[in-house]
Amino acid sequence: MNKTLKILILFLVIVVGVVFLLSQLMKGSSKKEVEEVINGQLFRNTEKFNLKTVLSDTTINLEKNFPYTKYFESANYSTGKNIAIDLATLINFNKGDAEKTGMFYSELLTNKLAEYLKPRMKNFSIDSFIYLEKWAEQFKSYSEVDQQNSIMHEIVYDYWMNSITTNLRKLDSIDQGAKFTFKYKYLRARCAQEKYLTSIGFSSTEKVMNNLTQQKWGYIIKRFFTETSIFLKIGMVLFLFLTLYGYICIIKQHTKGRKR
Amino acid sequence: MKYILLTIVLLTITLTNTGSKNLGYDKNLVDIASTKYNGNKYETIMMSRKGERVKAKYFAAKDVNNNSVYQRYKQWAVGKKIILVSSGTYMDNSFSPVGITIDNGVIVNKSLENFDGLVIVYATGGIAVSNIKDGNLSINCDGGNKTYDVKKPYDRINFMNCAVEVGATVFQTHLLVFKNDIKVGQSNSSQTQRERRFLAACKDENGVVHHFVINSPGNCSLYECTKRVKELLINGKDMEEVVFMINLDTGAQDVFKVYDADGSENTLIKGTQDLSIAANLLVYYYE
């Protein structure tokens, strides 16, 4: 075989190998555009909203007439102290019925708040969820100290922790590289500490690596033959052939040079 | 003196072996078979719940002392008459169980996954499966049956508190068949052609409940396999109703061991992985 042709083949083998490796690496780190962080002010609103004035009319239908947007734009639900004040106002409005109030307030801070946040969370941002997790975490402590409204606090906490893990999973399915970022790992670890596990499945590459480290050779070969397309099989055989041929060329060239 | 020493050594060896040996079970309650139905091969283990002698036990995760599932199983299995041991629900890339998981009253995972099947393994050895979509999950609590819709946060909290209180074991998985209806769709389920394993509970014409673990070694999609196995249970095994059928993990933790009635390990029907790698284990035993 012509020497130039051999070098050309060798060059081709190296290029194919490098391109394959790079494509695999790029796949893992490709980053999608994410929306701007949920407004950091969301849970840091300073302006309070006077719930008492709205509820001064004791005949209103609470669920229908509650000023949801105004409430979510206020600082009323950002700290435990504010929440306690509003809960007392609502219990008073419900003539001392703590259970009824708890149901309304937990609905307000779960489904209703989620509805309000939805347009702001169309795309994902880890920072948004870190804010959210920090905010939700306080309800766990409230559930321990505020026995009267314990279940209500637990519901709010559970709802948002579940929501965060679901969104972390979604983010992983959109951006395979996200789970390797510090913020993602931090949030995932925080959730796991609270026993909200963000179950992320094995990616195809991770599955192969897992099987390789466990030395499941028979299983890998069986899966390769039964589950891959004919094109991939041909591609892999060609790649193997070219790589081997490249090595043979190198060895031959090396031994030839020695003999001289 | 020599004879005394020899006797002590022999006695120690005998006692050690007896401790780890599987003791066998009543063969009238268990049927292990390799069958071919409609051209497809299956391995079935049929266990009758008549008299409630055949029981289930589930190890969902490591315990609080960080003992692995395998270590926990080994300790528990001493002196037990094991029928089979299999990998249970799915695990993630951290080898943690996926979906709501409670192990013997200890919460392992509170995240609700998108699987319809919620399995409760009672301390008494019974198994109950609910369809989460129906919103009527029933559990024995405070001496009575309570119904919850775990999709609702309020009910979910109360359900988990109850499961912790009664020391129940709970896990989530794909619900494939429920009350004779196939619950998995052709287009919205795994299309991967692969071997599969299922756990099913069926009622025969006399109303006796039988539990089945079915190995389907041939490659098929989740929907196709479900359809075929349901057919096998109804027509091939003469069952009146498939009460539920769920998926068992044959992926990264394909663990499966079956024991014959005399307590010896069945070498023909087995998984590809060693028990020690299991992230969770479903065990059937005779008591």
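Tutor: Two strands pair if DSSP finds at least two bridges between them. Helices (H or I, at least four residues) and strands (E, at least two) are DSSP runs, numbered from the N terminus. Residues are numbered from 1 along each chain as its sequence is written, while chains are lettered from A and ligands numbered from 1 in the order in which they are written. This is a predicted model: local features need pLDDT of at least 70, side-chain atom pairs count only at pLDDT 80 or more, and totals for chains, interfaces and linings use all residues. pLDDT is the predictor's confidence in each residue, from 0 to 100.

Student: How many bridges join β1(B) to β2(B)?

Tutor: β1 of chain B covers 30-37, and β2 covers residues 40-48. The two run antiparallel. One facing pair is B:K36 with B:K41. The number of bridges joining β1(B) to β2(B) is 8.

Student: Which are the edge strands of the sheet that has β1 of chain B in it?

Tutor: That open sheet has 7 strands, in the order β1-β2-β15-β14-β16-β12-β13 of chain B, with antiparallel pairing. An edge strand here pairs on one side only. The edge strands are β1 and β13 of chain B.

Student: At about what angle does helix α4 of chain B run to β15(B)?

Tutor: α4 (residues 222-236) lies across β1, β2, β12, β13, β14, β15 and β16 of chain B. Axes are lines fitted to C-alpha atoms, for helices over the stretch in contact, and angles run from 0 to 180 degrees between N-to-C directions. Two residues are in contact if their C-beta atoms, placed from the backbone, lie within 7 Å. The angle between α4 and β15(B) is about 135°.

Student: Chain B also has an open sheet of 5 strands. What does its twist average from one strand to the next?

Tutor: The order is β3-β19-β4-β17-β18, with antiparallel pairing. β3 (54-59) and β18 (265-270) of chain B have a single partner strand each, so one side of each is left without a neighbour in the sheet. From one strand to the next, the twist averages 25°.

Student: Which residue in β17(B) is the bridge partner of B:L84?

Tutor: β4 (residues 81-87) and β17 (residues 256-259) of chain B pair in the antiparallel sense over 3 bridges. In β17(B), the partner of B:L84 is B:V258.

Student: Are B:K257 and B:Y259 buried or exposed?

Tutor: A residue is buried if 20 or more other C-beta atoms lie within 10 Å of its own, exposed if 12 or fewer, and partly exposed in between; C-beta atoms are placed from the backbone. β17(B) is covered on both faces, with B:F256 and B:V258 on one side and B:K257 and B:Y259 on the other. B:K257 and B:Y259 are buried.

Student: Which residue in the turn between β17(B) and β18(B) has a positive phi?

Tutor: β17(B) and β18(B) pair over 2 bridges, and B:Y259 stands opposite B:E265. The two strands form a hairpin with 5 residues between them. Phi is about 95° at B:G263.

Student: Is B:E52 buried or exposed?

Tutor: B:E52 lies in the loop between β2 and β3 of chain B. Its phi is positive, about 50°, although it is not a glycine. B:E52 has 12 C-beta neighbours inside 10 Å, so it counts as exposed.

Student: What separates the C-alpha atoms of B:G185 and B:L233?

Tutor: B:G185 sits in the loop between β13 and β14 of chain B. B:G185 is exposed, with 9 other C-beta atoms within 10 Å. B:L233 is 48 residues away along the chain. Their C-alpha atoms are separated by 19 Å.

Student: How many residues does α8(A) give to the side of chain A that touches chain B?

Tutor: 20 residues of chain A are in contact with 19 residues of chain B. α8 (150-174), α10 (204-213) and α11 (217-227) of chain A each supply at least two residues of that side. α8(A) gives the most, and its number of residues is 7.

Student: Over which residues of chain B does pLDDT stay under 50?

Tutor: The mean pLDDT of chain B is 88, and 92% of its residues reach 70 or more. Where pLDDT is low, the predicted coordinates should not be read in detail. In chain B, pLDDT stays under 50 over residues 15-20.
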